[in-house]
Amino acid sequence: MPILQRLSKLPRNLYSFKNIIQKYPKRNESFLSTSRQSSRLKTVLKASLIGISVGFPVGVVITISYSWYVNKEASKTYHLQGKVQKIEILKEKPQVPVSRKVVSPVDTTELKLTLFQYQTCPFCCKVRAFLDYYGISYDIVEVDPVLRKEISWSSYKKVPILLTQVESGYLPLNDSSMIISLLASHLKDRSQNINDLIECYPNIAMHDENQKLKYEIMNKYFLMYKDTLLSVKNTDAIIEERKWRKWADDELVHALSPNVYRTLDEAYNTFNWFSKVGNWEQYFPTWERLIMINVGATAMWIISKRLKKRHNLKDDVRQSLYDEINKWLCAIKKRGSTFMGGEKPNLSDLAVYGILKSIEGCSAFKDCLDNTKLSTWYDAMMTEIETRSGSKYLTAK
Ligand SMILES: N[C@@H](CCC(=O)N[C@@H](CS)C(=O)NCC(=O)O)C(=O)O
């Protein structure tokens, strides 16, 4: 209604604007003195008037048509709202060669896991930090980020995907935070098996603020405690851990791309480092690797400018990254312990470490070490993970 009202007033407004313009040259004559200047001004004003009268309605029509189109598209998917997308158990393991195996001599979990990943994807690094800390063995399949043929068997097109062997086949777990919450729930109480736990993390269809259909995994930061009663102290620690895990996904991670792809040069350096630590030379043919580096670096350099705006990063994007890191370090300092989890890391320590690990070879990371006090906590985390120190807290089955 307000927009219709405004539109109905438009001819009147344009009419009064025209009157002002018609009167204008008369006043001009006194100080512009020549009639040629006055007629030029008239032409300019006329052109502006035409511009406004054509441009404004066209703009209105485009806006209305676009919102009509968005609503029409959304109406096609509204019937899906609230529907749960079931994860299919695969009868057979996808025939994709394993890139490498991580074998942990202290593994007592009996889990059979294959991680489909990009070596330097922050979400994949989070999952690896978790598995390594608890000393769990797993296979790795390195996915080509441009062609993604290694995950062609999956309808979910992102990484990480953790393929988990269950009684009836292979269950693909999608989303790093859900993977970690589900496995942590299982490791706390092995009587909760993976097949049952997946029901606690339903993937539900919903529409975002732009009416776009998306799927969201419920409870992805929640661990399942079955019937265990928790003390208030424990509950406080759980809430805090959950808060920082969510912060890592919603805030910290968004400061990375604009920093590691800040200039085209930095983007190329970053991709060359990805190639080196991801062993792209070994896993992909040269032509594919060159596409990955060149297309990847150029595309990410362009995209990172949009991401900087979308996530409200400062003009000096480094400062935004330092701010996030300082927020994290301040919270640990306030706690008065080595880690956010106290004397041993909790899931938020592992998440933040994993995310920062993903940029370890970039100049942005070096700058963080030079300009913040990150190294004390980061080095302590590295030791905990390299020594698989979480394995001693796992109870046997
Ligand atoms: N919420 C997901 C996000 C996963 C994600 O966005 N992964 C990126 C890689 S860092 C991806 O696969 N993007 C799609 C692509 O590369 O085509 C998670 O936590 O696992």
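The domain assignment of the chain, whose bounds come from an automatic or database assignment, gives domain 1 (100-217) and domain 2 (232-395). The structure is a predicted model, in which local features need pLDDT of at least 70 and side-chain atom pairs count only at pLDDT 80 or more, while totals for chains, interfaces and linings use all residues. Residues are numbered from 1 along each chain as its sequence is written.

The centres of domain 1 and domain 2, taken over C-alpha atoms, are separated by 19 Å. Across the boundary, 25 residues of domain 1 are in contact with 30 residues of domain 2, two residues being in contact if their C-beta atoms, placed from the backbone, lie within 7 Å. On the side of domain 1 that touches domain 2, helix H3 (122-133) and helix H4 (176-188) each supply at least two residues. The largest share of this side, eight residues, comes from H3. By class, the side of domain 1 that touches domain 2 has 14 nonpolar, six polar and five charged residues; here Ala, Val, Leu, Ile, Met, Phe, Trp, Tyr, Cys and Pro count as nonpolar, Asp, Glu, Lys and Arg as charged, and the others, Gly among them, as polar.

The chain has 14 helices and seven strands, defined as DSSP runs numbered from the N terminus (helices: H or I, at least four residues; strands: E, at least two). The radius of gyration of the chain, taken over C-alpha atoms, is 28 Å, whereas a compact globule of 397 residues would have a value near 21 Å (the globule rule is 2.2 Å times the number of residues to the power 0.38). The C-alpha trace spans about 95 × 55 × 50 Å along its principal axes. Of the 397 residues, 28% count as buried; a residue is buried if 20 or more other C-beta atoms lie within 10 Å of its own, exposed if 12 or fewer, and partly exposed in between, with C-beta atoms placed from the backbone.

Helix H13 (residues 363-371) has Ala364, Phe365 and Cys368 as its buried residues. These cover an arc of only 100 degrees around the axis, and therefore lie on the same side of H13; the arc is that of the directions from the helix axis to the C-beta atoms. Lys366 and Asp370, on the other side of H13, are exposed. The buried residues of H13 pack against helix H7 (256-260), helix H11 (317-335), helix H12 (347-357) and helix H14 (374-386).
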